Amino acid sequence: MSNPFVQIVEPLDPKQPLKKFFNLSKLEDVRYARLPFSIRILLEAAIRNCDEFLVKKGDVENILNWKVMQHKNVEVPFKPARVILQDFTGVPAVVDFAAMRDAVKKLGGDPEKINPICPADLVIDHSIQVDFNRQSDSLQKNQDLEFERNKERFEFLKWGSQAFKNLRIIPPGSGIIHQVNLEYLARVVMDQDGYYYPDSVVGTDSHTTMIDGLGVLGWGVGGIEAEAVMLGQPISMVLPEVVGYKLVGNPQPLVTSTDIVLTITKHLRQVGVVGKFVEFFGPGVAQLSIADRATIANMCPEYGATAAYFPVDDISIGYLIQTGRDKEKVMCTKRYLEAVGMLRDFKNSSQDPDFTQVVELDLHTVVPCCSGPKRPQDKVAVADMKKDFETCLGAKQGFKGFQIAPDRHNSIVKFNFEGCDFELAHGSVVIAAITSCTNTSNPSVMLGAGLLAKKAVEAGLTVKPYIKTSLSPGSGVVTYYLRESGVMPYLSQLGFDVVGYGCMTCIGNSGPLPESVVEAITQGDLVAVGVLSGNRNFEGRVHPNTRANYLASPPLVIAYAIAGTIRIDFEKEPLGINASGKKIFLKDIWPTRNEIQAVERQFVIPGMFKEVYEKIETVNKAWNALDAPSDKLYTWNPKSTYIKSPPFFDGLTLALQTPKTIEDAYVLLSFGDSVTTDHISPAGNIARNSPAARYLTSRGLTPREFNSYGSRRGNDAVMARGTFANIRLVNKFIDKQGPQTIHFPSGEVLDVFDAAERYKQAGHPLIVLAGKEYGAGSSRDWAAKGPFLLGVKAVLAESYERIHRSNLVGMGVIPLQYLPGEDAGTLGLTGRERYTIIIPEKLKPQMNVQIKLDTGKTFNAIMRFDTDVELTYFHNGGILNYMIRKMAS
């Protein structure tokens, strides 16, 4: 190792003489101790993988003064230790790999060079839906239907696990990717290739950040970027700012980790942390379990940061032992971290690093809360929920408004369900789901929900039968301790049976509502409610018929299910009246923290984790029985509506094509703020009147066989038609919500795909106009691939969420950003103009480019290629084209 910034120390452990390690702290520079822990890991990974990093730039003397380095826009070539994928993003990644092998072969190269170099684990957790609930056999029925719908996808993934080295598949039914990572896959310290070094990971799911709670530096990237990482390409990123988030005080007895994270989410959205690291410190961190920290780190995408890091401390080491990791390896991990100064004591302020900025939260000030009705950052104290929802009813259509006329606020629709009469009103709960990686990994809130259910049943409370209740644990361990602690029967009595192991309701796999419920909602134009223990509640995501969706802790999900409405003041109004006529209030059944902790200590034990995970790769008999081809090149089936060779590499040559000026582009869509990847590329149901539905019908499928957009991500023909197909899309060109736009040459209002096809046939390039936070939400690569296939050459926005900007770069779509203080309004842009974007011959990161309109107006915008590496990708037409040329030559 020639890099003078690194010293190699050996051996740490006499029993393992080959285990050397890099020790940056041996520079004996006091500034090293002031570096944020997350930055130390980032730099160590960069130095370990690239001898020339920093040395060639002459920055060795300055690197420890990282605040200075930030202003120099230093590019860090970060190579993570691992990659994780889930099936919604994993299927298109394997499809791309298969197509890249074909492309390399056509260019005369060795197709088997397209193979993961970086170890990758793919967890199948996004395919299962809540088709059956409130039945003892719901789990088996949902899993059987999952295999029936997705057999072709699963066979394809099994082919991939055999065709590609270093790609491991965790079968369906095992759990949610991030909980499996937390409880099983994460190492904290790697002991490979003769060295110890910190574990790090990137994943094709935005909530990969959950692992930061255990002290593993990780974050979500676009699927396209992850593919490049798997093929050995580093992630080139500008050295980030690090916001220190200081936690002090103790949480109040009734507060859960969900309340804490929703409070932090709102706070950090206000602070503004997009593109930055957040690192937690302060004595309050020591009050949080690893599950609590993981909950906070999980929702990092909701507050917009790149990573939300908790350094490793003794509680982290204890968690590794609790979850059944090998004790001797855990002790080696601890000794390594002590040796390099990376074991944190949060009560010792002398260890506190220097941060770009410090913000503080007193945990004692946190109160029980929810978030909604349309965004995770819109926190509402539980005490204010009733009043807030009623205000939202009449407020102007927007993030906090539904614009319901005052005389209709108390509308009631009667309906019949299974022979009994019921009523629905605005605020009626129709979905109540304990779901998602955010909370189901946390024993305190899951056992809290179970104990609340027990007390509710014993008090004589029930949940109305038409409410779609469900419980989808993050892993089999959760079911294990819920069952062993004796609370599972009570959860089942309230309708919260285990329906599957996967993301389910949180990603829109909520399944159908009863027809009579849908009819009542439609008849009364009601604002029906979904309450879920998830991390996202964007419009149109959870279910098409729940216009309001609230994020809440698992105990609160059950409480609102019992109440049957969001319009309740728990302090003043009872949850219900039992058969004896007694009013039961929430405070009567809410379990204390001491009760929960006592049950957790008794029933969440290492043996559970060992028993569940030692058979995780072989326990699914249906998966084991799948027969997949063994060829190294995939044989594409032209009749398949799930797996199709994408057109991304059609006509690709070894020679580079010089990027050209975009001339006279039409605006396909004009948006306001907070357009999410759910708006751009929905994951849920395929509407029967959509372009994707018409395509599938033309291929002989019935609506029952449509499945979801998420399951169809291996087929570009479906996904292109599903781009901008969200039923809650707000396009400024149209006076109502819906996936339509104006085709300006004809003046016709068309579905977005149909309009784009008209433009493409006429040879017209397209752009999209947007406001702030464009591309918030999931890391889905189809939110960039879809617009690319529609002919979108550039997006012009006020700001971008990090992952989506990266995905646009990866597909060769230009992310343009207004100059500070400018936007469509200040520039007088209507979107009806035609735009010429001047692309200079010589490009440099974040340069200004000129945009000319057919009206004669001219203005400048920032071209958001942030690094030289991103410019290289652009010259190649995207990351994957670059990798194909590299492998072929």
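My entries go from the whole chain down to single residues.

**Entry 1: the whole protein.** I note at the outset that this is a predicted model. I looked up the secondary structure and found 31 helices and 34 strands. Next I checked the radius of gyration: at 26 Å it is close to the 29 Å that the globule rule gives for 889 residues, so the protein is as compact as a globular protein of that length. The C-alpha trace spans about 80 × 75 × 55 Å along its principal axes.

Entry 2: How much of the protein is buried? I wrote down 64% of the 889 residues. I then turned to the contacts with a separation of 6 or more, and 76% of them come from residues 24 or more positions apart.

**Entry 3: helix α5.** I stopped at α5, which covers residues 177-185. Why do I call this helix largely enclosed by the rest of the structure? Because 8 of its 9 residues are buried. My list of the buried ones reads Ile177, His178, Gln179, Val180, Asn181, Leu182, Glu183 and Leu185.

**Entry 4: strand β29.** I reminded myself that side chains in a regular strand alternate between the two faces of the sheet. Are the faces of β29 (residues 766-769) covered or open? Both are covered: Leu766 and Val768 are buried on one side, and Ile767 and Leu769 are buried on the other.

I then looked for the neighbours of β29. Strand β26 (residues 662-670) runs parallel to β29 and is joined to it by 4 bridges. Strand β30 (residues 792-797) also runs parallel to β29, again with 4 bridges. Leu766 makes a handy landmark here, as it stands opposite Tyr666 of β26 and opposite Val792 in β30.

**Entry 5: His804.** My last stop was His804, which lies in helix α28 (residues 802-810). Its relative accessibility is 1%, so I count His804 as buried. What does His804 touch, leaving aside residues up to four places away in sequence? I noted Thr677, Ile680, Tyr774, Gly775, Ala783 and Ala784.

Technical notes: Residues numbered from 1 in each chain as written. Predicted model: local features only at pLDDT ≥ 70, side-chain atom pairs only at ≥ 80, totals over all residues. Heavy atoms only, no water. Buried < 20%, exposed > 50% of the residue type's maximum accessible area, 1.4 Å probe, protein only. Helix = DSSP H or I, 4+ residues; strand = E, 2+ residues; numbered from the N terminus. Pairing = 2+ DSSP bridges. Contact = heavy atoms within 4.5 Å. Rg over C-alpha atoms; globule rule 2.2 N^0.38 Å.
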